[in-house]
Amino acid sequence: MKKYLLLSLLCLIVSIVNAQVTVTGLLSENRVNPLGLDVVQPRLTWQLSSTQRNVLQSAYEVVVGLSAAAKGNDVVWSSGKVTSGQSVHVPYGGAALQSGKKYFWKVRVWDQNGKASPWSETANWEMGLLQPADWKAKWIGQGFPEDSIMRPSPLFRRSFHLAKKVKSARAYITAHGLYEAFINGKRVGDAYLAPGWTSYNKRLQYQVYDVTSLLQSAANAIGVQLGSGWYRSHLAWEDNKNIYGKTSGLLLQLAITYTDGSKELVVTDENWKSSTGAIRYSEIYNGEIQDARQGNDTWTTTTFNDASWSGVQVQQPGTEPLIATYNEPIRKKEKFIPVKIFTTPKGEKVVDFGQNLVGLVEVKVNGKAGDSVKLTHFEVLDKFGNVYLANLRAAKQQAVYVLKGNGTEQFEPHFTFQGFRYVKVEGFPGELKPENLTAVALYSDMKPTGTFTSSNALLNQLQHNIQWGQKGNFLDVPTDCPQRDERLGWTGDAQAFCRTAAFNMDVLPFFTKWMKDVALDQFEDGSVPFVIPNVLKGVKATSAGWGDVSLIAPWTMYLVYGDRRILETQYPSMKAYVEYIRNKAGDSYLWKGGSVFGDWLFYKSMAQTESDGYTSPDMIATMFYAYSTHLLAKTAEVLGKQDDVKFYTDLLTKIKAAFVKNYVTGEGRIASDSQTAYVLALKFGLLPDDLQVKATQYLVDDIKGRGNHLSTGFLGTPYLCHVLTENGRTDVAYDLLLQEKFPSWLYPVKMGATTIWERWDGQKPDSTFQDAGMNSFNHYAYGAIGDWMYQVAAGIDVVESDPGYKKIKIQPHISDKLNEVGASVKTYYGTVSSKWKTSGSDLTLSVEIPANTTATIYIPAKSADGITENNVALSSAAGVKVIGQQGDYVAVEVGSGKWEFKSSK
Ligand code: BGC
């Protein structure tokens, strides 16, 4: 009896604990405990977690303080109990935040029954240097003449003495070029290619590091090396270098607080010394040359004697505003050991890492002084299995290491990155073994958020390739490709891929940062350069489908993350771009001459006519004019700008009318009878209702006529399958997705691709290559199909009226060609997942909805009768509200929790 009572008591306690909502996952301005913010009103986000279903927040209370206890005088803001369901992007509402100060916060919530959660754990953020006057450091450059050909990396150092005990210390660092800092021989932080890439002439990021543990009492030394980086390397083509400046420079401020409360600064100034070391040459495209004989391992320690070093040159202060870092730094991520070391038919020694990636190779080598090891990074082997470099164009992609000959030496490049799966190795002393080389991926350290799996192994590999395309091309800015002499922030590629990217990873900080550069680099007339940061000197042009990133990306971030502030911030840029087009189009409402790149790289079969698959660039320009105007009107609506809503809605009506009049026949034929023409017209809502069925049929006919093949390029591809689904032809979308012969998404997979290719036929079935002038094997644009895989195949979508997954739509699309599809996304509310499985005519749909959200789930079934939830008939299932039959689905509404529906097809 006693035992029984005890057990029931225990069960009661467990259920009380389980029933309770807890608050986790605290984000300060979309990041975990960020160091160095200059957002004056950071936004706070938290997640509710509970084992119960249908959990909603009815109220919250936030307390922000100057200490982890956040009590008494320490409190700088207490929201009080606020009746609100908002748990994402709640703006800080206290007194003005101060430079360099750390703020701690916690939150508790009340659930739908008015029951309070315990307080969350404490999270924090620290402000950066908010005023220019907070910077006491001076810009310094090397104090000796530069070898203007090789431009070896300058080293800077100084030693200093700390008389008292250090309580905390921060290093604020930036550079003209790239920097890597060390204190007492230890690397400061784990960021690579810092300070990242912004439109340097308009704004320059600095980073903040907690260096408390690197300092020691009494003697200390600090050393920093610089690379040319994006600041002054060759970028783009011809002799395009020194884009932002000729001379590299360093700005560093070390702020020390002693345990007695006193403070001290160590800053860059005339007291520093400079020299060069092992890094003799370093460029983004070409790679790095190091000569260990000219380096010294101790140069950042106190024991090093810098008597022979030069002084430094104090430079004029930079005129660009210094800004805190908004997004995650580039970090070292996955590591790969060689899967194969072999000799090609031509006799080249080659290492295969098994994955096309972007980053660097760490080398361990034992040899004589003066031995030189050369690595040439490349993506593919040619038809005969030899090294293929032609598609790298002018980029050398090399790392050269000259040994000093004192046992095992370790090398890695510091100020460059390469795109490669293979390296050719020359000059390696002794036998090359797998343990000698490790490839390391470098990319912006965005939180992974998405998974996609299915019963089809090729499709799973496609998802892998899409994710690796993203990793390789999200290096602080979204680039087109990471290997040839390009690696630029092409705007068209970014708009095509941003929605897919936002499934795979949390890209809000990344795009928030980059979109500001889009706005800053926008030309005065509102047009948007081809690449951002704009390094194409003298090119003053925009292209339809490229410049539209200025609307498409912020709108996408708003939908996915519910971030209204990005719309507020970007609104002037969004409007300026549409106004630019409006000026060009005038009363014709047609944008002629606005598309430079057209439907870039659409697939053109050699067997067909020249114009096969071609879409008129002028027509494309007007279609994007309409779409951007539409997004602007919607944004104005969100922001409550009613005059603009009216103006741009009227404008849209006129553009649509002009489009139909000029480009569409009464039978719904579009002037360019191409897949992309129908896709864009349907997706952007440009056709009158009565022509949509016909237009869809022409699109389907074209696809079928090619034997279930696509012919779309960068602009049509992202929307192709969506348009088919939205118009009732998901069957055809699946035919395209699962097509294994080229052109298709799975063709490269079958050819052994580990990333997304730039071209549908980058490598032909006979293993010959497309035009080497433009043939990257790591270009994410066509990976935009990922969005359809998550959103349609697995069926996870946002609801525009309550963005950021506050309301969720789950509508999976079943195909006879697959037995199983599942996807999950970590949203700002928590994990959303949807997985369907079929067996004969039985279907199981498992869904997870995070707390503080609601969902409409569309269960594939002809009637509600045969459906069960967790083995209970739908009509009596607790927490499920049946809406009714909608086409081939039964719609239900649910709250948070895990749900399992079974039905018979
Ligand atoms: C890039 C792109 C880009 C295109 C525009 C190419 O060189 O790699 O992906 O969008 O140029 O023409």
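Analyst: Contact means that heavy atoms lie within 4.5 Å of one another. The model is a predicted one, in which local features need pLDDT of at least 70 and side-chain atom pairs count only at pLDDT 80 or more, while totals for chains, interfaces and linings use all residues. Residues are numbered from 1 along each chain as its sequence is written, and side-chain values use heavy atoms, with hydrogens and water left out.

User: Which residues does Ala621 touch, not counting residues up to four places away in sequence?

Analyst: Ala621 touches Ala544, Trp591, Gly594 and Ser595. Ala621 and Ser543 are 78 residues apart in sequence, and their C-alpha atoms are 8.0 Å apart in space. Ala621 itself belongs to helix α8, residues 617–639; helices here are DSSP runs of H or I with at least four residues, strands are E runs of at least two, and both are numbered from the N terminus.

User: Why does Ala621 count as buried?

Analyst: Buried means under 20% relative accessible area, exposed means over 50%, and partly exposed lies in between, with a 1.4 Å probe and protein chains only. Ala621 has 0% relative accessibility, and therefore counts as buried.

User: What makes Asn465 buried?

Analyst: Asn465 has a relative accessible area of 1%, so the term buried applies. Asn465 sits in helix α3, residues 457–473. Beyond the residues up to four places away in sequence, Asn465 touches Val749, Ala753, Thr754, Thr755 and Ile756.

User: Why does Trp110 count as buried?

Analyst: The relative accessibility of Trp110 is 9%, and therefore Trp110 counts as buried. Trp110 is part of strand β8, residues 102–111. Leaving aside neighbours within four places in sequence, its contacts include Leu56, Tyr60, Lys81 and Ala116. Val82 is 28 residues from Trp110 along the chain, with 9.7 Å between the two C-alpha atoms.

User: What makes α12 mostly covered?

Analyst: In α12, 9 of its 10 residues are buried. Those residues are Thr717, Pro718, Tyr719, Leu720, Cys721, His722, Val723, Leu724 and Thr725. The helix is followed by Gly728, which has a positive phi near 80°.

User: At what angle do α12 and α15 pack?

Analyst: The angle between α12 (residues 717–726) and α15 (residues 785–794) is about 35°, and their axes are 8 Å apart. Axes are lines fitted to C-alpha atoms, for helices over the stretch in contact, and angles run from 0 to 180 degrees between N-to-C directions. From α12, the contact draws on Cys721, His722 and Thr725, and from α15 on Ile785, Asp787, Trp788, Gln791 and Val792.

User: How do the residues of the contact of α12 with α15 divide?

Analyst: They divide into 4 nonpolar, 3 polar and 1 charged. Here Ala, Val, Leu, Ile, Met, Phe, Trp, Tyr, Cys and Pro count as nonpolar, Asp, Glu, Lys and Arg as charged, and the others, Gly among them, as polar.

User: Which residues surround the ligand?

Analyst: The ligand is surrounded by Asp480, Arg484, Glu486, Trp490, Asp493, Trp546, Phe597, Trp600, Phe714, Glu758, Met774 and His779. A residue is near a molecule if one of its heavy atoms lies within 4 Å of it. This shell divides into 6 nonpolar, 1 polar and 5 charged residues.

User: How far does a polar side-chain atom of Asp480 lie from an oxygen atom of the ligand?

Analyst: The distance is 2.6 Å. A polar contact is a pair of N or O atoms within 3.5 Å; within protein, one must be able to donate a hydrogen and the other to accept it, and residues adjacent in sequence count only if both atoms are side-chain atoms. For Glu486, an N or O atom in the side chain is 2.5 Å from an oxygen atom of the ligand, and for Trp546 a polar side-chain atom lies at 3.0 Å from a ligand oxygen. The ligand exposes 310 Å² when taken alone, of which the protein buries 96%; accessible areas come from the Shrake-Rupley method with a 1.4 Å probe.

User: Where does the model contain a cis peptide bond?

Analyst: Such a bond joins Ile532 and Pro533, with omega about -10°. Pro533 lies in the loop between α5 (508–521) and α6 (549–561). The peptide bond from Ala194 to Pro195 is also cis, with omega near 10°.

User: Why does Asn852 count as buried?

Analyst: At 1% relative accessibility, Asn852 therefore counts as buried. Asn852 is in the loop between β42 (842–849) and β43 (854–860), and its phi is positive, near 65°. Most residues other than glycine have a negative phi.
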